[in-house]
Amino acid sequence: MAKAMVDHCITKARNDGRQYRRVVLENSLEALLVSDPDTDKCAASMDVGVGHYSDPPGIEGLAHFLEHMLFYASEKYPEEDSFDKYTSQHGGGTNALTGSDHTNYHFVANADCFEEALDRFSQFFVKPLMSSDAVKREIKAVDSEFQKNFLSDSWRIGQLRSHLSMEAHPYHKFGTGNRQTLEVQPKAKGIDIRQELIKFYEENYSANLMRLVVYGKGSLDKIQDLVIQKFNAISNNKESSFHISGHPCVGEHLQVLVKAVPICDDHTLQVQWPMPCSIHHYKEVPCSYLTHLIGHEGEGSLFHALKRLGWATSLSAYESFADSNTSFFNVVIEMTDAGHEHMQDIVGLLFKYIDILHQSGICEWIYDEIAAVNETMFHNQDKISPMSYVLSIASNMKLYPPKDWLVKSSLPSKFNPSIIRAVLEKLSSENFRIFWVSKKFEGETNMVEPWYATAYCVDKLTDSTIQEWVQHAPSEHLHLPVANQFIATDLSLKKTAKVMYPVLLRKTSFSTLWYKPDTVFSVPKATVHLKFNCPYACNSPHAELLARIFKHLVCDYLNEYAYYAELAGLYYGICQTDDGFELNVSGYNHKLLVLLDTVLKAMANFTVKPERFSVIKEKLTKSYQNFKFDEPRFHASYYRSLILNDHSWPWEEDLEILETLKPNDLSRFAPTMLSRAFLECYIAGNIERDEAESIVHHIEDIFFNGSHPICKPVLQSQLITSRLVTLDEGVSYVYSTEGLNPNDENSALVHYIQIHQDDITLNVQLQLVAFIARHEAFHQLRTVEQLGYVCSLTHRYDLGVHGLQFTVQSAVKCPKYIDTRVQSFLKSFESKLVEMSEVEFKSHLNALIESKLEKDKNLWEECERHWEEITDRTFLFDRVETEVAALRKLTKQELIAFFHEHIRIGAPKRKVLSVRVYGSKHSSDFVVDKNEAVGPNTVRIDDIFSFRALQPLYGSHRRGYERMEVHSSSK
């Protein structure tokens with residue numbers, strides 16, 4: 001029998017109604033059971049105490065390869081990929097990850113299939129099957145994953161950091177693996193990779209090294225019975241947990257300056273200090289205290305000084321774990337071109353700030369403030385998806401005692417200056433290494449990292465060098481932050497009338513107000529969504545770019561002020577839209593209106609600061625220039641959007657215009673942009689009706705009222721609506737192009753099927769086709785044919801038009817070939833759909849219905865759903881219920897008829913756009929594709945804008961407010 005610990009021994013949030021129990025099975029497997037009667041989903045996460053640190057010498061990536069292989073099949077469920085199929089068909093999915101000293105497997109599915117899903121999951125740890133054929137195929141998947149990441153700077157520099165460490169330490173290893181390490185090298189040595197997989201599994205996948213979290217709807221007793229029944233059969237080999245002593249970076253690896261050449265044109269500075277892992281002091285949180293101060297962005301902070309000097313655009317400070325005993329303290333700074341020229345001054349200022357921390361001593365009031373904010377956040381935390389929740393717990397179970405599995409480091413409670421000071425002492429000029437990453441170092445390096453071919457060189461530094469940099473650094477007024485005035489102290493819940501959907505409280509020529517109080521989640525939080533429909537903000541590429549700079553500058557000006565709000569759990573964001581921009585302010589409602597008012601006035605009283613304009617322009621210019629280094633699948637999606645959206649411009653034109661813009665251009669543009677506006681507002685959460693109305697009155701006063709109003713109402717003729725190009729029925733369009741990055745071997749295909757404008761009956765038919773086909777497509781194109789690591793089928797919704805999209809990125813096959821395989825899949829899927837039994841059809845249908853009926857887990861999910869209806873002007877707030885009602889009436893024959901009419905190859909109404917992006921490995925295939933005659937009913941797009949000009953457009957799906965009735969309080 002299992003030994004149980006009752007639920008009150010596990011500390012949980014005050015607003016958490018779930019029940020918890022720790023159990024230890026006879027085989028020593030430790031588990032946390034979570035009972036949530038309100039959940040629609042079940043989930044589980046198994047954390048195995050072995051990772052890529054344990055890879056055998058010469059077989060780099062074996063632990064990661066096993067992670068790929070484990071979900072293939074088991075002795076009890078031998079059908080390949082059947083677990084992923086089962087969870088996918090029951091409203092869920094699976095995933096896994098490999099860390100340095102642990103590997104995690106997790107899944108989620110509809111709650112009504114909890115027992116079978118758990119049984120299928122458990123069998124991978126009891127008796128997995130790893131067939132020779134599957135092993136051969138999945139090596140290609142691991143290699144495709146490696147190829148996908150090969151030109152990613154985060155992967156490249158991460159591996160360089162590992163490479164420049166002690167070779168004897170496992171931190172030095174290459175954990176991903178590729179074809180070279182998993183096939184070529186083992187074969188050359190006469191090693192059977194499948195036998196190595198099995199051996200690695202048998203030696204390391206022992207029950208005493210496993211930690212399990214199971215999340216279900218039933219009682220704890222019922223969940224416990226299932227866990228014992230399913231997981232007690234896992235073997236306990238009594239393996240010792242992985243342990244390594246010593247830090248990977250000592251002696252020769254310290255006091256070094258590493259210059260590295262990235263793929264993207266950015267300047268990044270990372271300073272690292274090796275240290276013992278602070279997790280052992282999770283109640284004292286020494287690293288949290290120091291990252292709070294060094295990473296602060298308020299006045300007097302290091303970042304504030306660097307920003308004022310025009311040297312940095314971002315700064316972050318954090319602890320990263322090498323393993324459970326060792327870590328690094330990191331400071332990462334994104335530098336401007338000017339900052340790159342002042343690297344020594346930046347490092348000098350960093351060490352100056354560290355000196356200030358020494359001189360100021362460890363401040364109890366700062367620790368208490370961190371603790372107070374953390375406590376409020378912990379006890380008022382939002383529910384997240386069950387799969388994310390079990391993953392977050394299972395991955396940390398070995399680091400904390402059971403009573404703190406949920407808390408982790410969230411509740412600092414032991415102020416201990418000596419422990420914080422001991423970590424601060426580690427941040428010295430004798431115990432560091434610097435990574436300076438910039439394209440400027442091309443041609444100046446003399447070494448190459450072996451796995452990702454990153455060019456680099458290493459210079460030795462001394463303590464005296466750093467002290468010299470400190471002395472020569474500019475005199476900036478660095479100091480500790482002040483007390484945070486944004487910390488919420490009123491967390492009371494307001495009494496409001498129960499409302500199921502947002503109601504229209506107000507409409508004028510200036511604005512509309514939608515309102516929905518929170519009567520579901522009972523949290524002291526609220527959100528204000530505000531959409532500015534500004535016709536002059538988006539009527540040309542020139543206007544769109546200036547509006548983008550405006551948005552960035554507003555945020556830039558507010559950064560020091562709003563950073564305090566962010567620390568206290570209050571956030572704002574400004575984003576551009578096709579017809580203007582949106583402002584969202586959300587978080588604890590107590591101080592929300594203070595932040596909102598400040599942001600609105602910053603927009604209304606906007607002026608251009610030339611020196612900040614230059615910094616933002618430089619940052620935007622680099623983001624455009626670096627677009628070519630994105631993965632080809634993102635380029636394919638970009639071309640699809642450029643072809644279909646009548647209100648889009650090519651990135652090259654944007655870049656050309658951006659380079660010509662001056663501060664005076666924005667000074668003239670900003671008043672014009674705001675001169676005509678119509679505001680749509682949605683206020684939700686812990687806010688009363690009268691308060692919501694007063695907020696909108698205040699917003700109107702700022703922008704529309706007064707003797708010299710900033711805004712006037714938008715004229716009807718000025719309303720801009722983006723529309724989608726209508727593809728011709730029965731025609732397939734092909735756009736082929738070479739990849740933007742000549743060094744990227746990967747190619748990509750987007751196969752987009754355009755189907756219909758928003759219509760409930762057609763919506764649910766398409767949703768069900770996508771729901772059924774999603775796993776089938778992944779299994780065939782990814783698992784069986786191994787066309788690429790990225791293979792997906794998604795339901796698209798663009799400007800009121802629904803469609804189906806296949807996305808495949810591949811280094812092994814060219815896009816034209818992949819296009820033929822997508823078409824072949826659709827033919828085979830058609831047969832499966834026609835031959836599907838009525839029972840199987842109903843199973844899929846009911847699974848989709850259950851997924852749709854899944855309750856919102858938090859206020860933000862509910863708000864985003866409603867806000868989308870408002871901004872799309874569809875106002876179908878009961879969309880879920882309406883679509884579920886339509887699904888319940890749907891028959892198999894109607895679904896087949898829909899497929900035959902819109903999706904099947906040769907269907908009379910089939911409208912297809914294939915975007916083919918050819919990587920360098922397939923350049924010869926591109927030449928053939930471009931010169932080859934197209935087939936019948938196929939049109940090659942050579943010029944996007946000529947094509948767009950000749951095609952008709954879908955009508956706007958957006959409704960107006962003219963006939964909408966305002967909700968009165970008496971109703």
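Predicted model: local features only at pLDDT ≥ 70, side-chain atom pairs only at ≥ 80, totals over all residues.

Modeller: Residues are numbered from 1 along each chain as its sequence is written, and side-chain values use heavy atoms, with hydrogens and water left out.

Colleague: How are α1 and α7 oriented to each other?

Modeller: Helices and strands are DSSP runs numbered from the N terminus (H or I, at least four residues, for helices; E, at least two, for strands). Axes are lines fitted to C-alpha atoms, for helices over the stretch in contact, and angles run from 0 to 180 degrees between N-to-C directions. Helix α1 (residues 62-70) packs against helix α7 (residues 193-204) at an angle of about 90 degrees, with the axes 10 Å apart. Since angles under 35 degrees count as roughly parallel, over 145 as roughly antiparallel, 65 to 115 as roughly perpendicular and the rest as oblique, α1 is therefore to be called roughly perpendicular to α7.

Colleague: Which residues of α7 meet α1, and how many charged residues does the contact have?

Modeller: Contact means heavy atoms within 4.5 Å, and on the α1 side L62, A63, F65, L66, M69 and L70 meet I193, E196, L197, F200 and Y201 of α7. For the classes, Ala, Val, Leu, Ile, Met, Phe, Trp, Tyr, Cys and Pro count as nonpolar, Asp, Glu, Lys and Arg as charged, and the others, Gly among them, as polar. By that scheme the contact of α1 with α7 has 10 nonpolar residues, no polar ones and, as charged residues, 1.

Colleague: What is the handedness of the crossing of α9 and α15?

Modeller: The axes of α9 (residues 286-294) and α15 (residues 417-426) come within 8 Å and cross at roughly 60 degrees, and the two helices are therefore oblique to each other. P286, C287, Y289 and L290 of α9 make the contact with I419, I420, V423 and L424 of α15, a set of 8 nonpolar, no polar and no charged residues. A crossing is left-handed if the near helix is turned anticlockwise from the far one by less than a right angle, and right-handed if clockwise; that of α9 and α15 is right-handed.

Colleague: Which element gives the largest share of the lining of the second largest pocket?

Modeller: On a 1 Å grid over the protein atoms alone, a pocket is an open set of points with protein on both sides within 12 Å along at least five of seven lines, a cavity is a set where a 1.4 Å probe fits but cannot get out, and lining residues have an atom within 4 Å of a point. The second largest pocket holds about 1,200 Å³ of space, and of the 39 residues lining this pocket Q576, T577, D578, N645 and L799 are the closest to its centre. Its lining divides into 13 nonpolar, 12 polar and 14 charged residues. The largest share, 5 residues, comes from α20.

Colleague: Which elements give two or more residues to the lining of the largest cavity?

Modeller: The structure holds 6 cavities of 30 Å³ or more, and about 50 Å³ of space lies in the largest, a volume being the space filled by probe spheres set on grid points that are joined across faces, edges and corners. The lining of the largest cavity consists of S144, K148, N746, G788, Y789, V790, Q809, S810 and A811, or 3 nonpolar, 5 polar and 1 charged. The elements that give two or more residues to this lining are α4 (132-149) and β27 (801-810).
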